[in-house]
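This report concerns a predicted model. Please have the sequence and the coordinates in view while reading.

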Amino acid sequence: GSARAWWNMVQARWDREMVPRTWANFVREFNNKFVPPVVQERREEAFIRCRQGLQSVAEYETQFTKLSRYAPMFVGTEQLRIRRFIQGLNVELQESLVALPMETYGDAVEKALRIEGAKALVKSFQAKRKAPPGIGRGAVESSAPPPKFGRGLGGPSGFRPPRGGVARGIGFRGAQSGGTPSGR
């Protein structure tokens, strides 16, 4: 109906003016016809302000792609699109990507995702190393000395048999050896 009539008029004008039939030209024409100028301006401004912030790279990429259609002049070529995408990433990711060769926008997104994943692994590893013994770490990983029992070291290994009722086979709170603690 009306969309076909509009498209036929656009094609006829493009033929007269020798405008190439590109996706960018179509998007521009479509937005001029079906997206009011005020909405177009707001979305273009949103694209200009689009930054990763606290989002993951995947979330940022989705937002970037959604808003980029309202600002085709900023992403008219593959290199412009790559540059704009990287500029919106957090600084630590920008630093890692700046020296890497990228032929396509897909390359830029993939490399950003890989770097984000690697940085997350490093942060996780560092957090585990800084955690106190016994919290999120196994005994094998711990560099802390073994716990002391009773008073003093009790020998070269640090182990000393418990004193009192447990050593005599009475167990905890009067339970016999091998039983469970009484009262529970």
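## The largest pocket

In this predicted model, the largest pocket has a volume of about 330 Å³, and of the 15 residues that line this pocket, W23, V27, S68, R69 and P72 are the closest to its centre. The lining is made up of 9 nonpolar, 4 polar and 2 charged residues.

Helix 2 (23–34) and helix 4 (57–68) each contribute at least two residues to the lining of the largest pocket, and helix 2 gives the most, with 6 residues.

## Helix 2

With 12 residues at 1.5 Å a residue, helix 2 should span 16 Å, and because its end C-alpha atoms are 16 Å apart, the model agrees with that expectation. The buried residues of helix 2 are N25, V27, E29 and N31, and they pack against helix 1 (2–17) and helix 3 (37–49).

## Aromatic pairs

A search of the whole structure finds 16 aromatic pairs. The ring centres of W7 and W14 lie 5.6 Å apart with their planes at 85°, so this pair is edge-to-face; both residues are buried.

F85 and Y105 also form an edge-to-face pair, with 5.4 Å from centre to centre and 80° between the planes. Because F85 lies in helix 5 (residues 78–88) and Y105 in helix 7 (residues 105–130), the pair ties together parts that are 20 residues apart in sequence. Both F85 and Y105 are buried.

Ring pairs also link W6, W7, W14, W23, F26, F30 and F34 into a cluster.

Key. Residues are numbered from 1 along each chain as its sequence is written. This is a predicted model: local features need pLDDT of at least 70, side-chain atom pairs count only at pLDDT 80 or more; totals for chains, interfaces and linings use all residues. Side-chain values use heavy atoms; hydrogens and water are left out. On a 1 Å grid over the protein atoms alone, a cavity is a set of points where a 1.4 Å probe fits but cannot get out, and a pocket is an open set with protein on both sides within 12 Å along at least five of seven lines; lining residues have an atom within 4 Å of a point. Grid points are joined across faces, edges and corners, and a volume is the space filled by probe spheres set on the points. Helices (H or I, at least four residues) and strands (E, at least two) are DSSP runs, numbered from the N terminus. Ala, Val, Leu, Ile, Met, Phe, Trp, Tyr, Cys and Pro count as nonpolar, Asp, Glu, Lys and Arg as charged, and the others, Gly among them, as polar. The expected span of a helix is 1.5 Å times one less than its number of residues. Buried means under 20% relative accessible area, exposed over 50%, partly exposed in between (1.4 Å probe, protein chains only). Contact means heavy atoms within 4.5 Å. Rings of Phe, Tyr and Trp (its six-membered ring) pair if their centres lie within 6.5 Å; planes under 30 degrees apart count as stacked, over 60 as edge-to-face and the rest as tilted.
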